[in-house]
Amino acid sequence: MTIIGSLGLAGCTLPDAGVDVSGDLKLLYAPFSLNNPPRYWQVHQAHDTIPAPLSWEDKDGRIALAARPGMGAFEIGRRTNVIVLASPFLSFDWQFNNAAQVGDVELVLGFRRQAQGSWTESDLGSGKPTMDQEVRIAVGQYSVRYGEWQHEYFDLATLYRRYWPDSPADEVRLVWIGLVSGKDHVAHENSVTHLTHILLSR
C-alpha cells in the first residue's frame with residue numbers, strides 16, 4: 001500500500017559507521033560512490049546526462065546530495081530495520097535553488113508490520129526490502145526563500161498513526177528511507193534540491 005503524503009515537511013559518517021554513541025543512525029553526512037554504493041544502499045539514476053540527476057556537492061560548507069530531477073528520474077535509499085517506537089524521530093536539512101519547487105523530490109518511508117523479536121535491528125539483509133506500507137512525502141515548503149537551509153523534524157510514530165490509525169505501531173519497523181524524483185509535475189531542468197544530515201534518533 002502506497003500513500004502519497006501532502007505534508008510540507010517542517011527539520012555522515014560513512015553508512016557502515018553511521019551509528020553514534022546514543023544509537024542515532026546518521027545518513028548523508030559524507031559522500032560515497034553513487035556508482036558503487038556501500039552496503040545497505042541502493043542508487044538508480046540516468047548516467048547519460050550532464051550533470052547527473054544525483055551528485056555530491058560542497059554547499060555552504062556542508063557535504064550535500066544535489067538532486068536534479070529535471071535531468072532524469074532517480075532513486076537513492078538505504079535499507080534500515082528500526083522499530084518505529086524505538087527510534088521515532090527523523091530529521092534532515094534541505095535547500096532549494098531558484099528553479100526548484102515543492103515536490104521536485106520526495107521522501108519515501110517504507111514500513112513493515114511484524115511481531116517484535118522476529119528479527120534483530122542488525123539483520124538488514126540486502127537489496128530493497130519488501131514493504132507492507134509506503135509513504136511518499138513532498139520535500140519543501142512554499143513559504144521559504146530559495147538559497148536558505150531548512151531543517152525538518154518529525155515523529156515517525158505520529159506519522160504512521162496518521163495514515164494507519166488502526167495498526168499497532170509497536171509491531172511496525174521502518175525498513176527503508178529513500179529519496180526519489182517527484183511524480184506530480186515535471187521539474188525544471190535547472191532545479192536543484194540539496195539534502196543533507198538525514199538522522200534517525202531516539
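Some housekeeping before the details. This is a predicted model, so to speak, where local features need pLDDT of at least 70 and side-chain atom pairs count only at pLDDT 80 or more, while totals for chains, interfaces and linings use all residues. Residues are numbered from 1 along each chain as its sequence is written, and side-chain values use heavy atoms, with hydrogens and water left out.

On confidence: pLDDT is the predictor's own per-residue score, from 0 to 100. The chain mean is 83, and 83% of the residues reach 70 or more. Over residues 5–22, though, the pLDDT is below 50, and that stretch has 53 contacts in the model beyond near neighbours in sequence. A contact here means heavy atoms within 4.5 Å.

Now the inside. Of the 202 residues in the chain, 54% are buried; that's under 20% relative accessible area, with exposed being over 50% and partly exposed in between, using a 1.4 Å probe and protein chains only. The chain exposes about 9,400 Å², with carbon and sulfur atoms supplying 50% of it; the areas are Shrake-Rupley with a 1.4 Å probe, and for residues only the protein chains shown count as cover.

The largest nonpolar core has 44 residues, and Ile76, Leu90 and Phe111 are among those with the most contacts inside it. Helix 1, residues 156–163, gives the most to this core, with 5 residues. Apart from it lies another core of 5 residues, including Met131 and Trp176. By core I mean buried Ala, Val, Leu, Ile, Met, Phe, Trp, Tyr and Cys joined through side-chain atoms within 4.5 Å.

Leaving out residues up to four places away in sequence, Phe111 touches Val84, Met131, Tyr160 and Trp164, among others. Phe111 also forms one aromatic cluster with Tyr160, Tyr163 and Trp164.

How many aromatic pairs does the structure hold? There are 8, where rings of Phe, Tyr and Trp (its six-membered ring) pair if their centres lie within 6.5 Å, with planes under 30 degrees apart called stacked, over 60 edge-to-face and the rest tilted. Phe32 and Trp41 make a tilted one, at 4.6 Å centre to centre and 45° between the planes, and both are buried. Phe89 and Tyr153 are stacked, at 5.6 Å and 10°. That pair links distant parts of the chain, 64 residues apart: Phe89 is in strand 7 and Tyr153 in strand 10. Phe89 counts as partly exposed because its relative accessibility is 22%, and Tyr153 does too, at 44%.

There's a charge over a ring as well: the charged end of Arg62 sits over Trp149, 4.4 Å from the ring centre. The criterion is NZ of Lys or CZ of Arg within 6 Å of the centre and within 35 degrees of the ring normal.

Last stop, Ile63, in strand 5, residues 62–67. Is Ile63 partly exposed or buried? Partly exposed, because its relative accessible area is 36%. Its C-alpha is 7.1 Å from that of Pro31, 32 residues away along the chain. Pro31 is found in the loop between strand 2 and strand 3.

How values were computed. Helix = DSSP H or I, 4+ residues; strand = E, 2+ residues; numbered from the N terminus.
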